[in-house]
Amino acid sequence: MNEKYQACEKFVTWLKEQVVYDARGDQLHELPDTNSPRGKFWLGRIASEEYVRQHLGDRGDRLDPCAIGYRLKVPSSSANFTVDVRFHIWFKDASIWKKSSQILFEGSISLDEEFERKDFFEDALTELIRSTTGTQHQAKITIEREGIEDSIVLIVSLVNTTPHNDDREVDSNLYQAYLSTNGIETIPFYLESLPDSFRYDRAVNGYGLNSGIRTQPKSCETLDYISAIKNRPEFSSSFPKGLKFTFLELSTNPISLCESMISSLNDWGETHWSDSNLQTLAEKNRWSHEMLRQASEERDSFWEEVDRIKSGVQLLKRDENLNRSFCLMNESFYRSSTLASGKAYDSWRPFQLGFILANIASVLTDESVSERDIADIVWFATGGGKTETYLGLIVVAALYDRLRGKKVGVTAWSRFPLRMLSLQQTQRFANALASAEVIRQKAQIPGQPFSLGFLVGRAGTPNSIKPEPNQYEPDPDDPNMPKRFRLLQVCPFCRSADIHMVFDKESWTLRHMCGAEGCEWGAKPLPFYVVDEEVFRFLPTVVVGTLDKAALISMQGAMVGLVASPTAMCEMQGHGFTYAPRAKRPSGCLVPGCRAATKPIPMDRSLFGPTYRLQDELHLLKDSLGAVDAHYEAIYDFLQHRLSGSSSKILASSATLSGYMKQVDVLYRRNARVFPIQGPEAGIGFWSAQSDELMRDYVALAPRGVTMEFATDCISSSLQRAIRQFMQDSKQICGELEIDDKYADFLVSVYGTNVIYGNNIKDLDAVARSLETQMRVEGRVNTSSLTGRTDFESVKETLDRLETPEESFENRLHVITASSMMSHGVDIDRLNIMVMLGVPLTTSEFIQATARVGRTWPGVVFVFHRMARERDAGIFRSFDKYVEQGDRFVEPIPITRRSRKVLERTLAGMQLARVLCEHEPNSGKALTKVSSLRAYMRTQAITAEVEAHEIIEMLQLEGALDEPLVRDVVEWMNTYFANLNDPGGTYRFPSDLCPTRPMLSLRDVEEQAPVIGSLFS
């Protein structure tokens, strides 16, 4: 661990301590009359039992506990042990509040077998308190006995029995309370919510009662907070020292390095997955027969993974074009790494290269049929580099496409859930494709330049640009219009920030331009398209977009370009591909007013089908969204196979593997496979292992007797005061922490901004209002929001300021309030402190949201638990296990393919998509009017029975369970055709014929969230 990282670890621990000290009152001994202890200290205190019973009701003991302690499972209730009790009392002395010296009591307890509940030391504690402070406070130790099946549970607690007094001059709380015992022999509880696993230990040595708990053999103590540590993964521990999979060497000598990987993989597997090692682990961890069987199955999966990687290397040896594409991809990544600032990598992490090799067969068209029947899921630590892994495979496929004669067209369509699309990831795609384009040109590979399309539509970028726009639509005559849609923050070819936007009326395109002298791309428009219609006109090599745009297939005939060939090309230079004709577009050219003739497309139509469809955050495709998307995935598969004779490989990333096989089957009608296979022990794998470096410290907090907003104000104030104190006394504090003070400015930069993460807008609004008036900090505190209501420009500005902070700390952003829109795709090194307002409703959101901090430097996440909620209270009890085994707590994905309600919503889209993408091209003319569609259907002898059969085949409806859905399809189609053939009907457009309206967006069934973005440099 380097000195700088050690400095960060020490500093983040110091920050955490400042928060705890402030919340408990550790360093304060007096308070003014106007500032009562009960209104200031919200951690480590115990309320009066009488007060809780009289004022707070049934759940009062969670909101303002009157006792702390723990539950222990014991072999016998007969025990002899000692207790240690400590606390402080605040009392009024004249016009100030004073804190007593520590009340310290030790005693011995002897229990027999018969008791159910006993109180101890109340008189002794009362006398000690009075002799020390002169106050009327009282306390006792209570021990209760419970029987759970064949086990005995002891509940040991320190109870505040002080009589309640409504006089504000009296504070009946106990502060900085602590309880410990020594001498109780225990046996573990087991987490019932988790199944047995050979990798993970379900044992819990005890549960805290209104507190955390620390256990050692025969001893136990309460904790005011629970700290759960996650260390940073290390990616090369399984390889010989010095072995690196550098882009440069892989670009010239890939086979040797790849075979070195396989050799290490074989050696590791033969050691860790051997019969003898599994037997050793089974004995050590007391595996059941079933757990040993699970381990054996995982071993088989590991060796299957090894075989896939071996096969990938054999393909590189055998296929000259594939080998060349792989080498050029690595050369392009090397070029990209030489231009990068900030986090720059010159080599692959082993799992990244392993994934590319394991899936490289999917690039091929003649050997990958079986590969494309499998959806491959990357399941790896957030921040591990999944985006670059995909990009490596995509660039190989793009280069291979050019070598096999695909001169233009989409190689990959990458979709993000709903509108949660990170501009930072988009910049990464652009950077990778730009470097690949430079290498392609140097290698003199024919074809159109590699390009990137951004397909999100209206809220982020235009669907189209009209000559005569409506209000709020982009105006081509407005000189300020283009700059509103700048998405690239740096030129992907030279990384200059000198990017400007222009709208070229001649080609009717909105373009990003690089103004840097010496840029390798020159003064040409950058190959990056942000208007929907431009994406269809130029069919970029890679399209990144939001999942909701999938519904456009039923409304926009040009969407066929994402699965098959367009109709033709416009003869006008710069106009691009054409599609089915329309009244205002007689040639099918999407440029307004174009009347030019068309010419044939430049290659065989079968080549247009994309190689990949990528799905980011697969676990979010659940419930109605997942069920609806499953039908649209079926449309795209059907149309691509029907029109191009090919199918796309599905690649995905996910935060969970819970129920992934069913989810993939429902969504894509494919088998599912996961990469990488974990090792036989948690935290020890071939591809990564836990290092000694702190990644995140998760701190569970249960505010006592105060509102969540108050506690949030307190913790935010503590953090900002600590930073400001550090800036004033950096030499002294660095000396105390044994940190070189040369890192002081750096530490202020990476720990000076706090994120407050809320599960709903209402909570965040309350916090934002409170921060404006309740922050107890000298100087200005600058805040900003990243929520569903933050407009696109403000999001870009905020993330720009976070990436490139102002010189003066006073002018920087200090607190960010954020919702779930931030939990995906934000990768900013300066976000390392988070305060979470309650545990999110799903574990996957907890994992994704907290992964936004500590991505490069150690981070800390303060998690407030809403103790009135059963779920939050339950998680608090075993918070360390929740963090340690978070993936196992992720809820199974709720999704079904047999929802009649969903079918009712999607049938119109499926039918209209077939009209636009299949029937209309076959007809050679527009089918936008009912009369023309009726004539076409009659000429082609297409009946309701024929169309219903196609939909049934598309959705693979079969068997008794699908009979209700089949009947619904038939009934719907009969109505559709009855309307079509009704001579007296008043229907004008094909959509009017549908018994149900087509979906305008997949967001019709989900709450909307805005596009998010950030800089990349």
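Predicted model: local features only at pLDDT ≥ 70, side-chain atom pairs only at ≥ 80, totals over all residues.
User: In β28, which residue is the bridge partner of Met-569?

Analyst: Strand β26 spans residues 568–570 and pairs with β28 in the antiparallel sense over two bridges. The bridge partner of Met-569 in β28 is Lys-599.

User: How many residues of helix α10 are buried?

Analyst: A residue counts as buried under 20% relative accessible area. The buried residues of α10 include Pro-350, Phe-351 and Asn-359. Helix α10 (residues 350–359) is largely enclosed by the rest of the structure, because the number of its residues that are buried is ten of ten.

User: How many residues apart in sequence are the parts that Lys-442 and Glu-520 tie together?

Analyst: The side chains of Lys-442 and Glu-520 meet in a salt bridge, at 4.0 Å from N to O. Lys-442 lies in helix α12 (residues 423–442), whereas Glu-520 lies in the loop between β23 (509–514) and β24 (528–529), so the pair ties together parts whose separation in sequence is 78 residues.

User: Is Lys-442 buried or exposed?

Analyst: Exposed means over 50% relative accessible area. Lys-442 has a relative accessibility of 59%, so Lys-442 counts as exposed.

Technical notes. Residues numbered from 1 in each chain as written. Heavy atoms only, no water. Pairing = 2+ DSSP bridges. Helix = DSSP H or I, 4+ residues; strand = E, 2+ residues; numbered from the N terminus. Buried < 20%, exposed > 50% of the residue type's maximum accessible area, 1.4 Å probe, protein only.
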